[in-house]
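Please look over the two-chain model shown here. The report below takes its fold and its contacts in turn.

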Amino acid sequence: MAMTTPRQRVGWGAANFVVIALALIPVLWMVSLSFKTPAAILDPSFWPQSWTTSNYQQILETSQFIRPLVNSIGIGLIATLIAVIFASMAAYAIARLDFPGKGLLIGLSLLIAMFPQIALVTPMFNIERDLHLFNTWPGLIIPYVAFGLPLGIYTLSAFFREIPWELEKAAKVDGATPFQAFTQVIAPLAAPGMVTTAILVFLFCWNEFLFAISFTSTLSSRTAPAAIEYFSGSSQFTVPTGPISAAAVVITIPIIIFVLFFQRRIVSGLTSGAVKG
Amino acid sequence: MSTRSEAAAAPAVKKPAARSRRQLSEGARAERNLGWWLCAPAVIVMAAVTAYPVIYAIFLSLEKYNLEYPQDVKFIGFANYASVLTSSYWWQALEVTLIITVFSVAITLVLGMALAMLMFRTLIGKGWVRTAALIPYGIVTVAAAYGWQYAWTPGQGYLSAVFNYSAPLTHQINAIIVIIVAEIWKTTPFMGLLLLAGLSLVPDDLQKAAKVDGATAWQRFTRITLPLMKPAILVALLFRTLDSFRIFDNIFILTAGANHTGSVSILGYDNLFNALNLGIGSTISILIFICVAIIAFAFIKGFGTAAPGTSLNRR
């Protein structure tokens, strides 16, 4: 292991470079398009000849994009919060308690993790119309919580199993109240797992498209990925390539920030539930 | 469980064993109730959003129900199934879905394995590779799909030369290739990460021992790494196959299903929002659900004891 020849280093470096390039080129292409002028969009060169921010001004001036962005953030945060709370409760039970039906719960969440969402769209569309949930925030939050839960239960039960619960007892022996033992010993140990889960669930909500276009009809609840679909060009005959690219870049930025800051956590969260489970 | 084995081991001391079983079941009952209460909210939400609509869809699929004629709703038995299963649209969409699933999953598996090896073994820049790989995973599929669409557009995209400036998205086979490329780009990192976790469970000693015995790198990979990774590979394949089978976002943006490139999910969506036919739409939903169940069942048969969930149970 310690023997690394310069040639090996060059080999690994080249392989790394290929992976990084393949991952980034499509993203850089969107960034480049978003800074091109409408005339230069038809120019196939990778980078713009002259840079403009007019595409960004155009999308950030109107409510066509700002309002969906607010919806995306609001719906994503509320769904994430609810999913993490419910998933923590269930994961605690799975990791710490013995009760019949545990296997069923794990089976159910696995089933939902792999569920074909389109199979729900037709019946849910009709149910949401009947319950007046169609085109509202709760109309998206409820399905997002349901599909975030399996992810959360898997990730969190893997995390909760690793917590040394004897510490709780030790703290009580040392005179801590149950509340103190929980808030000062257990909660800090559980927090990283919950943050990881929250990131994964939020990414799912932020990404979701099928429910977002199916269960919304106006700007009041349409999320950002769905709203891009409805962008129009400056005239009937222009394709709004620039504004769409700018909007795509804006909704991609949070993802890149998450990935840069929480790379390790995202990796451990994604793999803990799926493979160990 | 311990009470049962104690009782079986010492049948002579029946009475105290029975009493302790009752006492234990007091505590066990409290624990059981707490377990159920803690799981209840999650179970209720998941059942309300999946089980209930599926059952409702079964009823809808047996009805003639078009939103354009809301007065004319009636029970028609399996007529909807007959019309979907005899329609070329359904089989066409199923064929496209299966082609996309098979090719994208197979290529993703190979590339994902290479990526996992790279992330596991690379000597420099490990963090950089992982961060870069997570970007396609995390990016909004719709945003990436627009990038791909413009990249292939003749005269405007950097990739348009690949298809000789011929607008690949207007041609069935080329469009499906473009869709598969977009899927592979998006999903290889996830596959790579799942396989990486499996790879890290392969004991290093075995590799070293084989190396000492003179096994080549390829032999070590096929004889040691792959067999030991089989459970991780099967889990990753199951996840990816079912995820790929429900492909929607990429096709919706890239072709919207034009020129016979629609998947079953696109068909279901179009049926609801263009034809407004709840009966036929629900029939398609149920058929997709059955397809997914068949795929999952086949995989779990193949898993044997390595099925996901069983090991979670065991621990």
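In what order do the elements of chain A run from the N terminus on? They run α-α-α-α-α-α-α-α-α-α-α. The model is a predicted one. Chain A has eleven helices and zero strands. Its C-alpha trace spans about 75 × 70 × 35 Å along the principal axes. Of the 277 residues in chain A, 47% are buried.

**Chain A against chain B**

How many residues of chain A are in contact with chain B? The count is 84 residues of chain A, in contact with 83 residues of chain B. Eight helices of chain A are tabulated here, each giving two or more residues to the side that touches chain B.

| Helix of chain A | Residues |
|---|---|
| H1 | 6–34 |
| H3 | 63–96 |
| H4 | 102–113 |
| H5 | 118–130 |
| H6 | 137–162 |
| H8 | 178–207 |
| H10 | 224–228 |
| H11 | 241–276 |

Which helix gives the most to this side? H11(A) does, with 18 residues. By class, the side of chain A that touches chain B divides into 65 nonpolar, 17 polar and two charged residues.

**Domains of chain B**

The domain assignment of chain B gives domain 1 (2–61) and domain 2 (89–314). Five residues of domain 1 of chain B are in contact with seven residues of domain 2 of chain B. On the domain 1 side of this contact, four residues are nonpolar, one is polar and none is charged.

**A helix pair in chain B**

Two packed helices are described by the angle between their axes and the distance between the axes. Helix H4 (residues 88–121) of chain B packs with helix H11 (residues 264–273) of chain B. The angle is about 140°, and the axes are 8 Å apart. Are H4(B) and H11(B) roughly antiparallel or oblique to each other? Roughly antiparallel requires an angle over 145 degrees, so H4(B) and H11(B), at about 140°, are oblique to each other.

Which residues make the contact? H4(B) supplies Tyr89(B), Trp90(B), Ala93(B), Leu94(B) and Thr97(B). H11(B) supplies Val264(B), Ile266(B) and Leu267(B). By class, the contact of H4(B) with H11(B) has seven nonpolar residues, one polar residue and no charged residues.

Methods:
Residues are numbered from 1 along each chain as its sequence is written. Chains are lettered from A and ligands numbered from 1 in the order in which they are written. This is a predicted model: local features need pLDDT of at least 70, side-chain atom pairs count only at pLDDT 80 or more; totals for chains, interfaces and linings use all residues. Axes are lines fitted to C-alpha atoms, for helices over the stretch in contact, and angles run from 0 to 180 degrees between N-to-C directions. Helices (H or I, at least four residues) and strands (E, at least two) are DSSP runs, numbered from the N terminus. Angles under 35 degrees count as roughly parallel, over 145 as roughly antiparallel, 65 to 115 as roughly perpendicular and the rest as oblique. Two residues are in contact if their C-beta atoms, placed from the backbone, lie within 7 Å. Ala, Val, Leu, Ile, Met, Phe, Trp, Tyr, Cys and Pro count as nonpolar, Asp, Glu, Lys and Arg as charged, and the others, Gly among them, as polar. A residue is buried if 20 or more other C-beta atoms lie within 10 Å of its own, exposed if 12 or fewer, and partly exposed in between; C-beta atoms are placed from the backbone. Domain bounds come from an automatic or database domain assignment.
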